[in-house]
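The following note sets out numbered remarks for a colleague who has the coordinates to hand. Please read each point against the structure shown here.

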Amino acid sequence: MKNIHKSFGAVHAVRDVSFSVGEAEIHGLLGENGAGKSTLMNILGGILRQDSGQIYIDGEEHSHLTPVKASRLGIRFIHQELNLVNDLKVYENLFLNNEIVKSGIHLNRKEMIRRSREVFERMNLDIDPTVFVRELDTSRKQLVEIARALLFECRLIIMDEPTTALTNEEIDNLFTIMRGLRDEGISCIYISHKMPELFEICDKYTVMRDGAYIASGNFADINEQQATEMLVGRNIDDDVFDKTDCVQDEVVFEAENLSCEGYFSNVSFKLRKGEIIAFTGLFGDGRGELSECLFGARKATDGVIRLNGDELNTKSIASVIRSGVSMVPRNRKERSIIKDMNIRDNISMAYFTSRHKGIHISPKKEYRRYEENRKATNIKAAGPDHLITSLSGGNQQKVIFSRWFGLDSDVYILDNPTQGIDVGAKFEIYQLITRLVDQGKSVIVFSSEFPEIHKIADRCIVMYKGEINKEFTRKELDEVEVMYYATGSNKRS
Amino acid sequence: MSTSLELSMNKKSKGFDFKRFIINHNYILSLILMLLIGRIASDQFLSFPSLMNLMRSSVFIGIIALGMSLVIISGNIDLSVGSILALSAAIGVVVFNTTQNMLLTLVMCMFLGALMGFFNGIFVGVAKVASFIVTLATLTAFRSITIQFGDGGPQIVNHEIYFDTLRKLGYGKLGPFPYLVLIFVGITCAVWYLMNRTKFGRYVYAVGSNEKAARLTGIKVEYIKVMIFTITGLLTGIAAFLYIARFGSVDVATAGKGFELDVIAAVAIGGTSMAGGRGFIQGSFFGAIILFAIDAILSAFQVPAFVTDFIKGVLILGAVLLQKALDRNAE
């Protein structure tokens with residue numbers, strides 16, 4: 001791939017990236033969240049069309065790829081999210097759109113099942129091709145996805161974080177298969193955040209950062225520290241953010257041995273008054289599920305949460321809110337905004353569920369609440385009766401913040417609070433967060449953006465595979481170090 | 001009433017956006033159009049008594065449509081309303097014949113309606129079965145109970161007492177206004193209040209617009225859904241009582257049959273989004289009247305009965321398409 005460009009609106013997802021994979025090579029593609037790896041691979045898989053640049057396969061130019069063309073050329077793409085049809089059987093999924101037919105229309109079931117069995121044998125798996133995909137657990141589904149790529153002739157397999165749902169044994173199994181494929185002359189592009197895996201299986205590496213190409217080379221020539229440094233870059237955000245330390249001694253919120261099966265386990269931490277703790281990690285670290293558990297939106301399987309010394313009643317979300325915990329969820333469009341409602345109602349909604357007495361709503365009071373919040377969070381809107389969807393992303397997020405700020409909670413859980421908003425609005429959000437701790441509130445931020453953590457966090461907890469891997473104080477914070485622990489590099493024996 | 005309130009609310013923000021208002025409340029256009037066509041069909045169409053008659057005939061569908069608006073705004077559907085009406089009314093007749101007490105009959109009809117609605121609500125809200133399936137099942141189940149209950153024949157209110165009591169409600173007037181119309185307007189105001197000035201109303205809109213966000217804001221979604229279906233059942237129970245008062249008998253096999261379609265049509269004409277999250281109670285009020293205006297116009301033009309349903313279908317589709325087009329225009 002040569003000089004590939006791709007932008008989505010004003011965002012340059014991939015800028016002038018060149019990338020090549022040789023025959024019989026396992027190539028690791030590295031980068032942080034949003035570095036442009038998936039976009040680049042989607043272009044190679046024919047799912048996205050590049051804005052400019054050329055693609056060469058076996059020396060021939062194939063710059064206008066479509067998914068069908070790509071698979072005819074032997075490129076197989078195993079996606080990060082599962083693309084299986086739950087209500088079809090395993091072999092039907094494997095052969096979907098590539099069915100083997102007799103005399104034109106009749107499905108040759110026996111042949112398809114036989115070939116499916118063959119693939120699973122080759123992969124050293126005991127999956128029955130005639131069961132429904134629905135009945136398999138997530139790691140098995142992932143393996144079926146991989147099997148689909150192996151079923152047909154292929155030259156190059158792209159794996160986008162294939163191991164997030166797999167157990168260690170299954171990962172070892174997968175690596176054996178990959179080595180077998182390499183011996184047959186088939187190449188592989190392997191995307192992962194996990195350093196130990198990359199070092200174990202890959203021959204070559206390419207690092208991307210902020211949509212740009214950074215470096216390429218052999219894994220044998222570098223160590224994990226160097227890899228992490230390339231990943232992060234040295235350009236650590238140097239715009240200083242004024243943050244006064246207002247941490248007090250009193251512990252407000254506490255989690256003890258909190259576990260949620262399949263997502264995270266044994267998470268314990270203490271949050272003090274006026275403190276901002278940041279949780280960070282990479283895809284699959286169980287962070288999102290942890291944030292839901294702390295808010296009562298997901299049932300923890302084990303452990304306790306305490307608020308001001310008493311056990312938090314997590315029976316319903318409403319009771320958690322009333323006790324004094326607020327949450328700004330991640331993914332604003334899906335989880336926060338009520339799109340058919342105006343700005344005023346969007347702000348008042350949490351007040352209604354937790355503080356409002358009686359059933360009558362007085363429009364006058366609602367307008368007053370809107371006006372107070374608009375001033376406090378500096379929302380730029382034409383008026384309280386306009387739909388929330390008429391606002392920009394940053395202003396929508398300020399509305400969501402206003403929804404919770406008015407409740408005067410003790411603890412604020414912010415899950416990815418600056419997702420998808422521009423730099424200016426981000427800065428305003430940071431100011432809002434620091435204003436909260438100035439007022440003696442406590443904040444837990446879940447974030448994957450280091451510059452953000454660097455600006456506001458008093459402490460940073462790094463998670464890896466559902467467990468707390470490392471804790472940093474504000475003074476110790478260092479992006480390379482954080483990345484080192486987030487990728488689990490310390491766990492490599 | 002409702003119109004002027006909307007006006008004053010809009011004035012508080014930046015002036016009055018007439019275009020936006022017409023797009024939101026395009027059922028007003030449809031109503032004016034229908035009344036004009038009606039005027040062409042008959043000189044008498046716009047006279048006060050004939051307008052009152054038009055409203056009186058739309059009372060049963062209209063009251064149920066108010067409840068159905070809640071259901072549809074919350075992103076669900078209730079197909080069982082016709083059967084709820086039939087069963088509440090059939091038992092209501094027996095209660096009235098034995099007790100001769102109008103109030104008790106009303107309470108009984110409301111209780112039965114609410115109970116059946118509650119039943120729907122438990123399945124939809126708590127057991128999380130699709131409302132289409134739940135109410136399709138109860139549509140047939142409730143009807144079957146009704147037919148069993150009445151042995152297939154009609155339930156008739158005792159004639160001697162009927163003329164002195166229920167019939168006065170069904171046919172009487174307060175000054176120029178039929179009682180039924182006054183009750184209809186009164187219930188519309190009550191439901192309008194519920195949906196526009198109470199927390200519960202906001203929750204219904206929130207659940208229909210974004211259930212996940214509603215839940216994460218602390219709204220008990222299951223409870224809201226149970227309540228919505230219960231309220232719809234309750235309103236259907238009231239409609240059942242008025243039905244007895246108006247007709248004096250309930251045919252267990254046919255009473256309320258096909259009502260669900262007329263009710264949903266009324267809500268759709270009233271501008272409520274079938275996808276949930278958006279809609280106006282006053283829209284459903286006018287929607288029911290428009291639906292019966294169509295009926296009246298077609299009979300005024302002496303359109304043969306078997307063509308009527310066809311034309312009605314076309315007009316309903318037209319109304320909904322108009323709403324879609326205006327919506328797209330606004331975006």
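1. Domain bounds, as used in this note, come from an automatic or database domain assignment. On that basis chain A is divided into domain 1 (2-232) and domain 2 (251-491). The centres of domain 1 of chain A and domain 2 of chain A, taken over C-alpha atoms, are separated by 35 Å.

2. This is a predicted model, in which local features need pLDDT of at least 70, side-chain atom pairs count only at pLDDT 80 or more, and totals for chains, interfaces and linings use all residues. Residues are numbered from 1 along each chain as its sequence is written, chains are lettered from A and ligands numbered from 1 in the order in which they are written, and side-chain values use heavy atoms, with hydrogens and water left out.

3. How many residues of domain 1 of chain A are in contact with domain 2 of chain A? With contact meaning heavy atoms within 4.5 Å, 16 residues of domain 1 of chain A touch 13 residues of domain 2 of chain A. The two domains bury about 1,400 Å² between them, and 62% of that area is on carbon and sulfur atoms. Buried area here is the accessible area (1.4 Å probe) that two parts lose on being put together, summed over both.

4. Helices (H or I, at least four residues) and strands (E, at least two) are DSSP runs, numbered from the N terminus. Two packed helices are described by the angle between their axes and the distance between the axes. For helix H12 (residues 343-354) of chain A and helix H12 (residues 199-209) of chain B, the axes come within 11 Å and cross at roughly 115 degrees. Axes are lines fitted to C-alpha atoms, for helices over the stretch in contact, and angles run from 0 to 180 degrees between N-to-C directions. The crossing of H12(A) and H12(B) is left-handed, a term for the near helix being turned anticlockwise from the far one by less than a right angle, with clockwise giving right-handed.

5. Which residues meet where H12(A) and H12(B) are in contact? On the H12(A) side they are A:Arg344, A:Asp345, A:Met349, A:Phe352 and A:Thr353, and these meet B:Lys199, B:Arg202, B:Tyr203 and B:Ala206 in H12(B). By class, this contact has four nonpolar, one polar and four charged residues. Ala, Val, Leu, Ile, Met, Phe, Trp, Tyr, Cys and Pro count as nonpolar, Asp, Glu, Lys and Arg as charged, and the others, Gly among them, as polar.

6. For accessibility, buried means under 20% relative accessible area, exposed over 50%, and partly exposed in between (1.4 Å probe, protein chains only). Helix H9 (residues 287-294) of chain A is largely enclosed by the rest of the structure, because eight of its eight residues are buried. Among them are A:Arg287, A:Glu289 and A:Glu292, along with A:Leu290 and A:Cys293. Just after H9(A), A:Gly296 takes a positive phi of about 80 degrees.

7. Is A:Arg148 buried or exposed? Its relative accessible area is 17%, so A:Arg148 is buried. A:Arg148 is placed in helix H5 (residues 138-151) of chain A. Leaving aside neighbours within four places in sequence, A:Arg148 is in contact with A:Arg76, A:Asn83, A:Leu84, A:Asn93 and A:Leu94.

8. Two residues other than glycine have a positive phi and deserve mention. A:Lys465, with a phi of about 50 degrees, lies in the loop between strand E22 (459-464) and strand E23 (467-473) of chain A. A:Lys465 is partly exposed at 42% relative accessibility. B:Gln100, with phi near 55 degrees, lies in the loop between helix H6 (81-99) and helix H7 (102-126) of chain B. B:Gln100 is partly exposed at 48% relative accessibility.

9. B:Val263, in helix H15 (residues 259-269) of chain B, is buried at 0% relative accessibility. Apart from neighbours within four places in sequence, B:Val263 is in contact with B:Ile61, B:Ile64, B:Ala65 and B:Met68. By contrast, B:Glu160 in helix H9 (residues 159-164) of chain B is exposed, with a relative accessible area of 69%.

10. B:Gly152 sits in the loop between helix H8 (131-149) and strand E1 (154-156) of chain B and is partly exposed at 39% relative accessibility. B:Gly152 and B:Asp251 are 99 residues apart along the chain, and their C-alpha atoms are separated by 8.0 Å.
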